[in-house]
Amino acid sequence: MNPKRSKPIFSRLSIQQRLPLLICFFLLFTIIVYGFLNYYSLKKATLMIGRERVNTLTEQISSMLGQSALATIKYLHNTAYMDQVSQYLATGGKQYGRETVDELNKLHKDSTWMIAELADSTLKTVLRSDKSLANVPVSLKEVLTYTHIGPDSAWAGKFYYVKGTTYYPIIASVTRKKHIIGYLVCWKILPASQKAVDQLSQLMGSGANLYIGNRDGGFWTNTIKPVSGLNFNAKIASGPFTFRDADGQTMLAAVQPVAYTDWLTVIGFPEKNLLSGMNGFMRWIFLFGIILLGIGAFAAWLTSRGITGPLNKLTGAAMAISAGDYSSHVSVDMERGDELGKLAHAFNIMEQYVQQTYEELEAMVDERTSALSEEIRLRETTEASLRESRQRYHLMINEVKDYAIIMLDAEGKILVWNQGAERIKGYTEKEILGKSFSLFYTPSDIENQKPQHLLKRAAKEGRVEDVGWRVRKDGSKFWADVVLTPIYNYGELTGFAKVTRDITERKKLEDEVAVRTAQLEASNKELEAFSYSVSHDLRTPLRAVSGYSVMLKEDYEEKLDAEGLRIINNIIINARIMGTLIDELLAFSRLGKKELTLTNVNMQQLAGLVTSELLHNETDGKYRVSIGALPVATADQAMIKQVLMNLVSNALKYSSKQADPVIEIGGSEDENETIYYVKDNGVGFDMAYAGKLFGVFQRLHSQDEFEGTGVGLALVKRIIDKHSGKVWAEAEEDKGAKFYFSLPKNNKQ
Amino acid sequence: MIDNKVEILLVEDNPHDAEMTIRALRRVNLANKLIHVKDGAEALDFIFSKGVYSERNVDDKPKVILLDIKMPKVDGIEVLRQLKSDEKTRSIPVVIMTSSKEEQDIITSYDIGVNSYVVKPVDFEGFAKAVSQLGYYWLITNQSTQ
């Protein structure tokens, strides 16, 4: 488990859980330590007892085997000691042969005696019992290399395992005069039956195993069959030792040599058999430990509950208070004399105080809440309408297609981009947001830092308008009208609103108009030059014509007849008409370049002046002229006088043939303009020709009927046009005409 | 006052206009001491006693100069400028007589210091009337500084 996490987990446990756990832990620890210590000391003692027992047992068995061997050896030794045996050997088999064989036959006491032979000192077999069942498994010579037999002695040799049978020899020396003259050799097979082994094993107890083997450790048998895989060195093993047998179980064993033989005895107890009693004891200890642990845990739980119960109660009460449950009386009922009782008492006092404070606070909160909720309601309403208007505003801005409406931050980076901007500049919102607005400026503007200057000026002056070339995404240019307005938030500059209009079309039109105007001015100049030449060069010869015809008439009147006089008079009259025509034409054309000098003109006074200037002949008495209340005009005094002059003189002229000519001059005004009229009861005209009235040299009457050049009304129209006013007429043939003209108020020209 | 003293200097390139002017002045008997020069250069020679007029006494100043504007060589405006920029001739009354009603000419003339400006009427009666009135005014009514 992660050590970093284990600690928090334990600290997260409640005291009620922690206390029993702690107690259980210490109990368990004690039990385990105690159990282990006991186990090991007990094991040690048990094994020591086992070792002593196996040692003793081995000594006993070994001694028992030694005694058994000794009995057999003595028996053989006695035989070897017989006279007939030594005589037989001494005579080289010539005497006592029958007697010796009889003795040899006596040696076969039971079925374990397999062979009885007599060998001479050269170890050659010289006699053999009749009862010998098999051949000698191993030669005597070989046996004697391992087992030394002195004179007049006997010994049991080591085991030989030949063809499934375990043999062992018993050898006795045949001695004559302290010299060995031959050997009596008997071969026995290991006689043990399973039954005998089991009996022995039972005698030894604890599942003990008996092994007999050669002293050189080369062969081991359990007396029934050879045993292999005994994992110990019998030569060095002395006293108790342990080894693992062929089945792998640990054996506690002891080894002892068997007297009068070349044999070793080993007895082994399986260690687990020895320890089984101890293990039972340990199980009891363990069971007892579990019971103790259970009791301990339960006791700990009871104790901790006694502590944490009241604590939980206090916690619950404190939680209830902290959760805001002041309304019901929360207190801890605890009759205890210990620290917890004192704590509960202190808590109850505190709770009362808290409840009291809470009630006071509650009243205050109620008061503030009602005020606050009213404020919140008001704010929500305001915010909702604000949000709505913001959405509307965004929608509106986005939907505007004719204007690029862009919001910039204080550094000129683009924050908001509407559809109009996309349409005009070609960038989509996605690719332009966050970029600087200087992207729209021409390289030379960027070099001159125009975008930055515009931002500075806008911030300083509150608004800046700039008209000039801008660059679209595809590199094409357009003529733009840009308005930059700074946006402030609590006095801090947060950005700019930028509205751009593509006025390339307008610019084209303006350029065209400028070209046309220049052309027009040029043609006006030409016209002026023409006027000048007309005024000077045309008038001069005409004056000569007029002058010389007058001189002719003055100097040669007596010599001319009536026809000559009529002709000369016509020349003079026509020269005068032509002069008038030229003068009026010049006046008309000069108006083109004349600047208006607008003043407030007292039209009523002016009308009176004009009328009196025109009505100076004696015959003019027949005219009845009435002048109404004329509003003040904003006009060029000299020009407007010319207008009145022309209109009134026309009225006088065209009503001159009436018996009772009546001229009426009137006017009116509204918010935007002043209107004047001159009305007569003269010949009037057919309204069908009204369109021709104001053209130059256009006349509706012949020269014979009424004199005139056809320039007067054209001049009127030209003057009124210059004032941005209008002129029109109403008439009926033989009933008179009414000419109107209007002048705009506050004429700024 | 000496009789042969020139009273009117008429500067006029057009002989017909000059004839009509002289005729109008003669009608009212003012053309006796009139001299007619054909252009501006001759007018300046006469006034400053140069060229063909070098024998003339510079101090004999005409009582009035009737000056046409549009003339070959030196035009009337130039003559007027030289007259009015010279101390000795500045006081001579000059009347511009022209066919032109060009306002610029009128303004320039008054700026330089012309004493009168008359547009010649086309018809002879009007012309004669204007000329005779001028003659009366400058020769008889107006008291010269001299």
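## Model and conventions

This is a predicted model, in which local features need pLDDT of at least 70 and side-chain atom pairs count only at pLDDT 80 or more, while totals for chains, interfaces and linings use all residues. Residues are numbered from 1 along each chain as its sequence is written, and side-chain values use heavy atoms, leaving out hydrogens and water.

## Overall form

Chain A has a radius of gyration of 78 Å, whereas a compact globule of 749 residues would have one near 27 Å (taken over C-alpha atoms; the globule rule is 2.2 Å times the number of residues to the power 0.38). Along the principal axes, its C-alpha trace spans about 240 × 85 × 45 Å.

An automatic or database assignment sets the domain bounds: domain 1 (15-294), domain 2 (404-500), domain 3 (510-587) and domain 4 (595-744) of chain A.

## Where domains 3 and 4 meet

The centres of domain 3 and domain 4 of chain A, taken over C-alpha atoms, are 26 Å apart. Four residues from domain 3 and five residues from domain 4 make the contact (heavy atoms within 4.5 Å).

About 490 Å² is buried between these two domains, with carbon and sulfur atoms giving 77%; buried area is the accessible area (1.4 Å probe) that two parts lose on being put together, summed over both. On the domain 3 side, A:Leu581, A:Glu584 and A:Leu585 supply 68% of the area buried against domain 4, more than any other three residues.

Across this interface the rule finds zero salt bridges (a side-chain nitrogen of Lys or Arg within 4 Å of a carboxyl oxygen of Asp or Glu).

Methods
Chains are lettered from A and ligands numbered from 1 in the order in which they are written.
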